[in-house]
Each structure stands twice: as C-alpha cells, then as structure tokens.
Amino acid sequence: MSSAHLNDATANPAPIGLMGFGMTTVLLNFHNAGLYPMDTMILAMGIFYGGLAQMIAGIMEWKKGNTFAATAFTSYGMFWLSLVGLIVLQKTSLGIAGPSPDAAMPAFLGMWGVFTAVLFIGTLRLNRALQVVFGSLTVLFALLAIGDATGNEAITHLAGWEGLFCGASAIYAGLAQVLNEVYGRTVWPIGPVSHA
C-alpha cells in the first residue's frame, strides 16, 4: 500500500517574520541611538508587528516543519511582547511590578544574547543574509546588556547604531525573499547556503 504525499502549497512565512523583526528593531534602535524618546509607536510595533506577526510566522513555519524558523520567529515574537511588558509594567500604577533591579534588564538582554548566539551557529548551515542578521543581533544584545549594566549612554547609543544595521539586514533578507520569488530569479542575493 503506497502512502499519500501532500504537496505544501502554502506561502513562505519567513518574509513576514523577518520584516516584523527588522522594522521593529530599526524603530527601537532609533531610540537607542538617541534620536527620539521611547513612545507608543515603538510599543505598538513591539506588540503587533514585532510580537504578533512573528508569532504567526513562527506557527506557519512550524506547520511547514522548519524547526529553526519556528523557534526563531516564535521566540523573538515573545521577546518583543516581553520587552513591551517590561517597559509598560514598570510605568503603571497598578501595583503589579515596581522598578526592576539594576541587574534585571542586563540579565534579560544577556539571556537573549546567548540564545541568539546559539541560533547564529545554526545559520552557518543557512544563507549569508541570515548569518548577518543573527551575527549582528548577537552583537546588539551584548552591547545593550553592557550599556544597561554600566549605565554608559555612549555604549547604548553605539548599540542603537549597530541595531539599525541589524534591523536593516533583516528587512533586506525578508524583502529579498519576496522579490526573488515574485521574479523567479535572484533580484537581491541572499548568499549561498553553506554545507559546512
């Protein structure tokens, strides 16, 4: 008896996840670079595009059997929702949470940096564009954790500029996949897949 084979005709969810991550990262890092204050625009992007859109992309990648992308998009979607929660809960008068101790935010950022560094190792079997995204994100988390731990505004501003590069690289990777699929050829290269 032969087994039935289902053809996956669903769209590639990675561009949605990369765009949600990239655009939200760029907008937050304009703030980190000192160009404007934290505001509701950043928080709303963190909830809806950085958070929910990446969660949806992660679930779609799970359905496609892509463990790496499902883990990355779902996790970073929850990162954005958690970050917004940390910011908003500290500013509310609901009595839910007081200001975090000085070590709390560096620990939060440091854990995400470790997680990202391990995913970066996974990208060494993927394309160059994803290697740039995850490599620069690992550096971003390290700089943000150090800036927060030391209170050194110059390091946080440097992190902001590095974060603009990281977010832009994710936007490029997402839009490249869209354009390359639409045109049926490489319009924006994302680099070869490594078999190392």
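Student: Axes here are lines fitted to C-alpha atoms, for helices over the stretch in contact, with angles from 0 to 180 degrees between N-to-C directions. At what angle do H2 and H3 pack?
Tutor: About 155 degrees, with their axes 7 Å apart. Helices are DSSP runs (H or I, at least four residues), numbered from the N terminus. This is a predicted model: local features need pLDDT of at least 70, side-chain atom pairs count only at 80 or more, and totals for chains, interfaces and linings use all residues. Residues are numbered from 1 along each chain as its sequence is written, and side-chain values use heavy atoms, leaving out hydrogens and water.

Student: Roughly parallel or antiparallel, H2 and H3?
Tutor: Roughly antiparallel (over 145 degrees).

Student: What residues make up the contact of H2 with H3, by class?
Tutor: That contact has 17 nonpolar, seven polar and one charged. Asp, Glu, Lys and Arg count as charged, Ala, Val, Leu, Ile, Met, Phe, Trp, Tyr, Cys and Pro as nonpolar, and the others as polar.

Student: And how do H1 and H6 pack?
Tutor: At about 160 degrees, axes 7 Å apart, and therefore roughly antiparallel. Their contact has 17 nonpolar, eleven polar and no charged residues.

Student: Switching topic: which residues touch the most other members of the largest nonpolar core?
Tutor: Tyr76, Phe79 and Leu83, in a core of 35 residues. Its members are buried (under 20% relative accessible area, 1.4 Å probe, protein chains only) and joined through side-chain atoms within 4.5 Å.

Student: Which helix gives the largest share of that core?
Tutor: H5, with ten residues.

Student: What is Phe79 in contact with, beyond four places in sequence?
Tutor: Phe108, Trp112 and Phe141, counting heavy atoms within 4.5 Å.

Terms used
Buried < 20%, exposed > 50% of the residue type's maximum accessible area, 1.4 Å probe, protein only. Helix = DSSP H or I, 4+ residues; strand = E, 2+ residues; numbered from the N terminus. Parallel < 35°, antiparallel > 145°, perpendicular 65-115°, else oblique.
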